Amino acid sequence: MSSTHSPHLLFSPKKKSNNNENNHSFSYEVISTLESTGVHFRTSIDPGSYVPAHLHHAIEIIYLLEGNLTVIMESSVREYHAGECILINSDIIHSTKCTSPNKAILFQIPLSFLSLYLPDADQLVFNLENPEESAVRRTKLDIFKETLVQMQIANDIRPEGFILRFNSLLFEILFQLYHNFSIRVVHGNQTQRDKDRARLDTILNYIRQNYKQHISIEEIANVAYLQSGYFCRFFKKCMGITFLEYQNELRLSYIYQDILSTDDSIKDILERHGFTNYKLFRRMFQEHFGTTPTQIRQNYHKSTSSATRI
């Protein structure tokens, strides 16, 4: 079955590589899109990752099968465990952190795809939280999870004609989302929201392409056709952090990947990704992961060697 690919969506560390020049190109994994579905779906085995604040124009669902995952969503921090389902609405700023191996079903539904069947999709907010509120809600969520597992089985095994099975389950789960887990909201000035979203996309794409170099406020403001002062306010309003904070967070995510996937020295990794302030790096790393880069690497090697012996 042939596939097309979407723009950058999720982060996933790759296997160790000795080609340092190309390591950065592996950090943000593109989730394949089946031509005949229009959604992004896969089973993920994540040995460890850190994804800085980002957003995408899609509903993202993560069903944890094994391990844990920390999700920071609009300043709210929560650790999810195996058996829990996470839903992140379209255009919501969020980041994720996986400090030990986990396995999950990753499912993204582009808003453009959903709008084909629900014309008012941009007026809907979806919520899988608080299943303990009632037995009925718990039952609905259990059915939702089981449907995800059936989609996973169809997608992983891919028997002859699997796309018929997958698509039938896809529309079943969209029906469940719409009827059981959606809330209608009214957004003011949708035209301005779309304009701001397009401008933010341009900014974030430029940063991702040039994050290893110094990017001045004037340079990035010019990319967005904004004055420097207005750019700073616009970026902080959209992303919840300053431009400099975001650039360092992005560098940290690539550095974290290389700590796990290479044996290169921390100094070499920092230089490769343009992080010149070692003192700031140590402080940020401790704040995010509660330990040192060397300890993270040692813990990762211990966990992978244990898994290999099993």
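Which residue in E9 does Leu69 stand opposite? The residue is Tyr80, and this pairing is a handy way into the structure. The model is a predicted one, in which local features need pLDDT of at least 70 and side-chain atom pairs count only at pLDDT 80 or more, while totals for chains, interfaces and linings use all residues. Residues are numbered from 1 along each chain as its sequence is written, and side-chain values use heavy atoms, with hydrogens and water left out.

The sheet comes next. Strand E8 (residues 68-73) and E9 run antiparallel and are joined by six bridges; strands here are DSSP runs of type E with at least two residues, helices are runs of H or I with at least four, and both are numbered from the N terminus. Two strands count as paired if DSSP finds at least two bridges between them. In the hairpin of E8 and E9, two residues lie between the strands, and Glu74 takes a positive phi near 50°. Both strands belong to an open sheet of four, ordered E6-E11-E8-E9 with antiparallel pairing. Strand E6 (49-54) and strand E9 (76-81) each have a single partner strand and stand at the edges, so one side of each is left without a neighbour in the sheet. From one strand to the next, the twist averages 15°, with axes taken as lines fitted to C-alpha atoms (for helices, over the stretch in contact) and angles running from 0 to 180 degrees between N-to-C directions. Four bridges pair E6 with strand E11 (residues 94-98) in the antiparallel sense, and Val51 has Thr96 in E11 as its bridge partner. In a regular strand, side chains alternate between the two faces of the sheet.

Buried means under 20% relative accessible area, exposed over 50%, and partly exposed in between (1.4 Å probe, protein chains only).

Together with Leu116 and Tyr117, Phe171 forms a nonpolar patch on the surface with about 330 Å² of accessible area.

Charged contacts complete the picture. The structure holds nine salt bridges, each a side-chain nitrogen of Lys or Arg within 4 Å of a carboxyl oxygen of Asp or Glu. One of them joins the side chains of Asp91 and Arg197 (2.7 Å, N to O). Asp91 lies in the loop between E10 and E11 and Arg197 in helix H4 (residues 190-210), so the pair ties together parts that are 106 residues apart in sequence. Arg197 also forms a salt bridge with Asp194, the closest N and O atoms being 3.3 Å apart. Both residues lie in helix H4, three residues apart, about one turn of the helix. Arg197 is partly exposed, with a relative accessible area of 25%, and Asp194 is partly exposed at 33%. Finally, a network of salt bridges links Arg78, Glu84 and Glu129.

Terms used: Patches are made of residues with over 30% relative accessible area and no salt bridge: like charges are joined within 9 Å, nonpolar side chains (Val, Leu, Ile, Met, Phe, Trp, Tyr) within 5 Å. Accessible areas come from the Shrake-Rupley method with a 1.4 Å probe; for residues, only the protein chains shown count as cover.
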